[in-house]
Amino acid sequence: NQDHNYCMSTFRRSAINTAACFIVAQTSLDTDCGGSSFWQSREAQFIGAGSAYDTLTVLTTWTRSCADPAACERCVQDASWLMMRARDVLLPVNIDNERAGLLLLRRSAEVSVAAITASARHALDCLMPKHLSSERRKFNEELLKLPLQVGRVCDRGNCTEECGLSMFDQIISNDEASALVEHAEFTLEKHQATNHPQPYVDLHVSAR
């Protein structure tokens, strides 16, 4: 569909993870909460401005100042609305709001994931590298051989007490999976052509 094609195009141009495109749901809202005028609001300018202005906090603050707070609250919990607001500033790219747009795209994926029910879950022990400061950017067998300890490290330090593997059915089609692999192979080939001393592609390299 149009939203999916846009998302794939944006991620390919930005050279970041295309997987998020496959979990953005279609909107069922009867309002667009002002649409692209969101970017003219005072609150929108603070997305990604620092640790005190995380995306969810900024969006929540914005809902209180918009014309219809209840409707706007529904909008900021809708994956497609978030993706469309990201689209406003990413195609074509608005340099001033590019980082904020990418953060909204990420939030769109997070909202979608939260609404998906896993078909199966398997509990696993929570493990983390024993020496975090010296064990960065390991790959393949080197990564598998890292010494581990019980525990976990999470974004902003907010961890749940459970670790595990979740299985989701019909999240992406075979064609979408093939497109994701094709993009990954293209990124790897492009990176290795630079003769960079680190031949593998991780999130840092892919984001360039």
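**Entry 1: helix 2 against helix 5**

I began with two helices and found that helix 2 and helix 5 are roughly perpendicular to each other, a label for angles of 65 to 115 degrees. This is a predicted model, in which local features need pLDDT of at least 70, side-chain atom pairs count only at pLDDT 80 or more, and totals for chains, interfaces and linings use all residues. Residues are numbered from 1 along each chain as its sequence is written, and side-chain values use heavy atoms, with hydrogens and water left out.

I looked up the geometry: the axes of helix 2 and helix 5 (residues 98–114) come within 10 Å and cross at roughly 90°. Axes are lines fitted to C-alpha atoms over the stretch in contact, with angles from 0 to 180 degrees between N-to-C directions. Helices are DSSP runs (H or I, at least four residues), numbered from the N terminus.

Which residues make the contact? On helix 2 I noted Thr55, Leu56 and Leu59; on helix 5, Leu103, Leu104 and Arg107. Contact means heavy atoms within 4.5 Å. I sorted these residues into 4 nonpolar, 1 polar and 1 charged.

**Entry 2: aromatic pairs**

I found 4 aromatic pairs in the structure. Rings of Phe, Tyr and Trp (its six-membered ring) pair if their centres lie within 6.5 Å; planes under 30 degrees apart are stacked, over 60 edge-to-face, the rest tilted.

I checked burial next. Phenylalanine 38 counts as buried at 1% relative accessibility, and tryptophan 62 as buried at 5%. Buried means under 20% relative accessible area (1.4 Å probe, protein chains only).

Tryptophan 62 also stacks with tryptophan 81, at 5.5 Å centre to centre and 25° between the planes. Tryptophan 81 lies in helix 4 (residues 79–90), 19 residues from tryptophan 62. Ring pairs link Phe38, Trp39, Trp62 and Trp81 into a cluster.

**Entry 3: the nonpolar core**

I turned to the largest nonpolar core, which has 24 residues. Such a core is a set of buried Ala, Val, Leu, Ile, Met, Phe, Trp, Tyr and Cys residues joined through side-chain atoms within 4.5 Å. Phe38, Trp39, Ile47, Trp62, Trp81 and Leu104 touch the most other members. Helix 4 gives the most to this core, with 7 residues.

Key: Buried means under 20% relative accessible area, exposed over 50%, partly exposed in between (1.4 Å probe, protein chains only). Angles under 35 degrees count as roughly parallel, over 145 as roughly antiparallel, 65 to 115 as roughly perpendicular and the rest as oblique. Ala, Val, Leu, Ile, Met, Phe, Trp, Tyr, Cys and Pro count as nonpolar, Asp, Glu, Lys and Arg as charged, and the others, Gly among them, as polar.
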